[in-house]
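Reader: I have a structure to learn from. Please take me through it in short steps.

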Amino acid sequence: MAVTLEHYLVVSITLFSLGMFIVMTRRNGIRMLMGVELILNSANLNLIAFNRYLPGMDASGNIFAVFVIMLAAAEAAVALAIVLAIFQQFSTIQLDEISSMKH
Amino acid sequence: METLAWLILAFPIIALVIQYFFGKKLPRQGDWVSTGAIGLSLICSFILFIKVIFIESDPNFLFQVSYPWFSGGGGLDFRFGFHIDNLTVVMLMVVTIVSFLVHLYSIGYMHGEDFYDSFFAYMSLFSFSMLLLVLCDNLFILYISWELVGLSSYLLIGFYFWKDSAADASKKAFITTRVGDVFMFIGIMTVFLYLGKLNYTEIFEAVSHGELSGWVLTIAGICLFGGAVGKSAQFPLHVWLPDAMEGPTPVSALIHAATMVAAGVYMVGRLFPIFHSSPEAMLVIAYIGLITAFFASLIAITQTDIKRILAYSTLSQLGYMITALGVGGFVVGAYTAGLYHLMTHAFFKSLLFLCSGSVIHAVHTNEITSMGGLRKKMPITALTMIIGTLAISGVPFFSGFGSKDAILAGALQFGLEHPQHFLIFLGLLIGAGITSFYMFRLIFLTFFGEPRDQEKFDHAHESPVTMTLPLIILALLSIIGGWGLYGALWLNSSIVPPVIGAVHEAAAQGAGHGSALAHYGAMVLSLLVAFTGIAFSYMVYYKRSISVEMLTKKMGPLYQLSYNKFWVDEFYEKTVIAFVMKSRMVLRTFDNTVVDGAVNITAPITRGVAIFSGAVDKYVVDGLVNLLAILVQAIGAVSTLFQSGVIQNYLLKAACAVGALLLIHNVIMRVLY
């Protein structure tokens, strides 16, 4: 059986759903960032798959994927710095406990 | 001629301004300013007089000049102008001569009085107003100057304003004449309403063309005459004149004897064509004059205040003039006689007043009962006063003879032609006898006999030369001045205004014979009554062959009637004044209850409105503002629910929203394609 676009998309949606689930259920800041990485990677998979299977795409999907990887790296650096700052401020990274700006 | 007229008016008004603002600072308190100004006016008037009477010498002479003053809108122009004819210049001469002499006299008489400078300012104001009244050419200016002379009269009667009697007298004079003035105003407005004109000549022309006739003309005539009744103190508005004697004596001589009170007569003479066309108005005028002439002379018999006697005599003589003008509507010559009497009277009556002032100045009392024998102390005053008395009594060769005789002749002729009006002649004739009686009573009691108050007699002295000089000049005028005027007016020209001149000429041709008979008859009779009066007075008050006490007792009620001035003042006190006082109370009650009540009721109303508007503010306006706040709060409260602050919730909501959008998109795509 040949690997088709649909197979890639199923894997991609599974990855996205897992990432979404992690982001929504975890209260820990680090874990949430892990979920975000999963979502970004599912998007990357999509971009590459469409580049492979759709006609006339050249390498634009691949280039996008490279951009996303670069962006994910930058995001991880900034977000982890933020999480570190939050930890210094509140002595916790459980995000639901940080409510000093809540009404 | 125009320039002269302007100059005549300008001098007194300039003097008034100077005197009013700088009088106190000028040397001698500026008495020379006013006196000099009226002197200059006198010179100008004299030039004008010579020009008109002797150079022009035309009975119908009329010089008119008119300047636009202001526009009343709707083609209605108010103009200011001069109306100069023979009557004007003669009146100008009378006013300026008497005014100048009285100014001169006042320098001596008022010497050392308080407000000496104001006195001369007022005198200048009066002179100006009176000259304006004489010179003006329309009813509008006439009314203004009419009120101005009334104002100066008020100021001068109340000159001793710290005396209650003087203050009351000035108010009485002002208010009483105002009653007449209201009538006059109605008259002017009637003429204006029906003719739309104010200029004398235009009105006369319109009246002669019959544009104003019938009862309207009669009403207008009687109302205009109402002004003269007030100003010339005719019955029933005569009550103010005797009281006006509270003013300084020169004022009485100038204003209340010679000029202002004669203004009413002058006005009737000036507007004669209006009256002339209405026989009813003429009869009213004649009878009002008769009543005044007769009753005033009766009152004068028993008075003891020297100035009041003269005041009643003035009333009586004014009555003669008014009667003559009234009769002048029917009889040729009576009109001229009335105005002629106005001039002679101005001279001899101001002379009499100034003499009485000289006497009062010497003995410091007005009561003739405290005088007597003053002839020896003040020979000039005595002599001049006797000349004045002879003139007023109508003794031949004195000015009053000519004019009074002319009036009586006119009245007699009228009585002969219309026997139902013979009473006029009888009344005037008896009045003439009474006049000579009471005037000689005054002379005998003042200057002859034994002094009744030795102390006052000892202090008496002849007045200074500024006072006696005017007396002498006026005495000369009372003798020759009268004849001079007589000659100038009678022989040279007639002072009858042009419009009625023609009427008179026509009438004169028809009634030549009767007038001659009346003339000689009246002369004989008037001489007879004058000498009877003098002789009776001589017997009672000089020879004492008839006892005064016995006469008083015999005349009992009549004496009381005369002494109390026919109770006219008391009658007014009981009726008009009582009515005013009563209505004052009614009005006060009205004021207290209705007007004050209305004012007071506004307070609760305002309060109610305030409460209502407060409630509106509190519940409606504030309510709206609060509602807004509550609304915002509610929206905030609802929207807070979405702002949980939990990041996962936001994500979930975003995911749900995206899912929902996709779903909607798919459904729409399905439906459409």
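Reader: How many helices and strands does chain B have?
Author: This is a predicted model, where local features need pLDDT of at least 70, side-chain atom pairs count only at pLDDT 80 or more, and totals for chains, interfaces and linings use all residues. Residues are numbered from 1 along each chain as its sequence is written, chains are lettered from A and ligands numbered from 1 in written order, and side-chain values use heavy atoms, without hydrogens and water. Helices (H or I, at least four residues) and strands (E, at least two) are DSSP runs, numbered from the N terminus. For chain B the count is 25 helices and two strands.

Reader: What is the radius of gyration of chain B?
Author: The radius is taken over C-alpha atoms, and the globule rule is 2.2 Å times the number of residues to the power 0.38. A compact globule of 673 residues would come near 26 Å. The C-alpha atoms of chain B fill a box of roughly 150 × 65 × 55 Å along the principal axes. Its radius of gyration is 38 Å.

Reader: What percentage of chain B is buried?
Author: Buried means under 20% relative accessible area, exposed over 50%, partly exposed in between (1.4 Å probe, protein chains only). Chain B has 673 residues. The buried part is 52%.

Reader: How many helices does chain A have?
Author: Along the sequence, chain A reads α-α-α. It has zero strands. The helices number three.

Reader: Which residues does Tyr53(A) contact, leaving aside neighbours within four places in sequence?
Author: Contact means heavy atoms within 4.5 Å. Ile69(A) is 16 residues from Tyr53(A) in sequence, and the two are 21 Å apart in space, C-alpha to C-alpha. With those neighbours set aside, the contacts of Tyr53(A) are Val3(A), Thr4(A), Leu5(A) and Tyr8(A).
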